[in-house]
Amino acid sequence: MPSVALPSGETVPALGQGTWNMGESKAKLRDEVAALQLGIELGMTLIDTAEMYADGMAEQVVAAAIDGRRDDVFLVSKVLPQNASRAGTIAACERSLKRLRTDRIDLYLLHWRGGVPLHDTITAFNDLRRAGKIRFWGVSNFDTSDMDELERLSNATAVATNQVLYNLSRRGIEHDLMPWCRRHNLPIMAYSPIEQGRLLKNAALKAVAARHNATAAQVALAWLLRQSGIIAIPKASRPEHVRENHAALEIRLTRQDLAELDAAFPPPSGPQPLEML
């Protein structure tokens, strides 16, 4: 499994697992847990979740999947902006820990910017680190101007990642946010790496996939995974989908492949507002 280094030097898998939309149906619970467990066995041990997902039920799905093997996974969760005051962040983290049935979250993120001053949220993150309840903290859906503001804060020296929407059809971050993160040795965690399935009908993507005897989803993941400093977190609710995602690690895209994908999904020609889903 290829890995990505956090600013601390600790490494995490470049291909992890997302949980957005998990926990919304009791009928799917068994498959969702089995999918996450298979991913762990295949080395996709970074699992991303959030208090927002299914109002905390996704965290409970994760708890079931990691039961008895907490030390095998790198657990990521997020606090909602409306909960991100100093006291509110600490309380939200406590609730997530209870749902996850663990004593620590490896990486805790601010889900997106809200009305609470960043300094207050970061102060809470630092409090939680000192208490051993989180190991690292980071941000999500932060544009370049947000990262500049974060950098100016005296208490924000330990940011570990920025989780943003990034895939073939959402390449705006390549103009300025990605270069900013690379200058600061900050990995990017790419959510919705196949655009929630909307990418898969693209003719150029399907043509590249056919040459590799692969699926369009695998090529979309391989396009991300070939880049340094990128962590992809696709969601898979069924074991067969997990195996499909994992097999993307074997694909080596050629110059011709990349040229065709650039033609179909052009890189940005100038700055663009950060996109979110």
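Six aromatic pairs turn up in this structure, which is a predicted model. Let's start with one built on W20. The ring centres of W20 and Y53 sit 6.2 Å apart with their planes at 15°, and since planes under 30 degrees apart count as stacked, this pair is stacked. It bridges distant parts of the chain: W20 belongs to the loop between β2 (11-13) and α1, while Y53 belongs to the loop between β3 and α2, 33 residues apart.

W20 has another partner. With Y191 it makes an edge-to-face pair, 6.3 Å from centre to centre and with 75° between the planes. Here the sequence gap is 171 residues, because W20 is in the loop between β2 and α1 and Y191 is in strand β8 (residues 188-191). Put together, W20, Y53 and Y191 form one aromatic cluster.

| Pair | Centre to centre | Angle between planes | Arrangement |
|---|---|---|---|
| W20 and Y53 | 6.2 Å | 15° | stacked |
| W20 and Y191 | 6.3 Å | 75° | edge-to-face |

Now for helix α1. It covers residues 29-41, and at 1.5 Å a residue its 13 residues should span 18 Å; the end C-alpha atoms are 19 Å apart, which agrees. Its buried residues are E32, V33, A35, L36, L38, G39 and I40. An α-helix has 3.6 residues a turn, so residues three or four places apart point the same way. What covers the buried residues of α1 includes β3 (46-48), α2 (57-66) and α9 (239-247). After α1 comes G43, with a positive phi near 100°.

On to the pockets. The largest one has a volume of about 350 Å³. Its lining takes in 20 residues, and S192, I194, Q196, P234 and K235 are the ones nearest its centre. By type, that lining divides into 9 nonpolar, 8 polar and 3 charged residues.

The second largest pocket holds about 170 Å³ of space. Residues lining this pocket include P7, W180 and H184. Which helix gives the most to that lining? Helix α5 (residues 144-152) does, with 3 residues. The lining of the second largest pocket splits into 7 nonpolar, 3 polar and 1 charged, and E151 is among the residues that line it.

Notes
Residues are numbered from 1 along each chain as its sequence is written. This is a predicted model: local features need pLDDT of at least 70, side-chain atom pairs count only at pLDDT 80 or more; totals for chains, interfaces and linings use all residues. Side-chain values use heavy atoms; hydrogens and water are left out. On a 1 Å grid over the protein atoms alone, a cavity is a set of points where a 1.4 Å probe fits but cannot get out, and a pocket is an open set with protein on both sides within 12 Å along at least five of seven lines; lining residues have an atom within 4 Å of a point. Grid points are joined across faces, edges and corners, and a volume is the space filled by probe spheres set on the points. Ala, Val, Leu, Ile, Met, Phe, Trp, Tyr, Cys and Pro count as nonpolar, Asp, Glu, Lys and Arg as charged, and the others, Gly among them, as polar. Helices (H or I, at least four residues) and strands (E, at least two) are DSSP runs, numbered from the N terminus. The expected span of a helix is 1.5 Å times one less than its number of residues. Buried means under 20% relative accessible area, exposed over 50%, partly exposed in between (1.4 Å probe, protein chains only). Contact means heavy atoms within 4.5 Å. Rings of Phe, Tyr and Trp (its six-membered ring) pair if their centres lie within 6.5 Å; planes under 30 degrees apart count as stacked, over 60 as edge-to-face and the rest as tilted.
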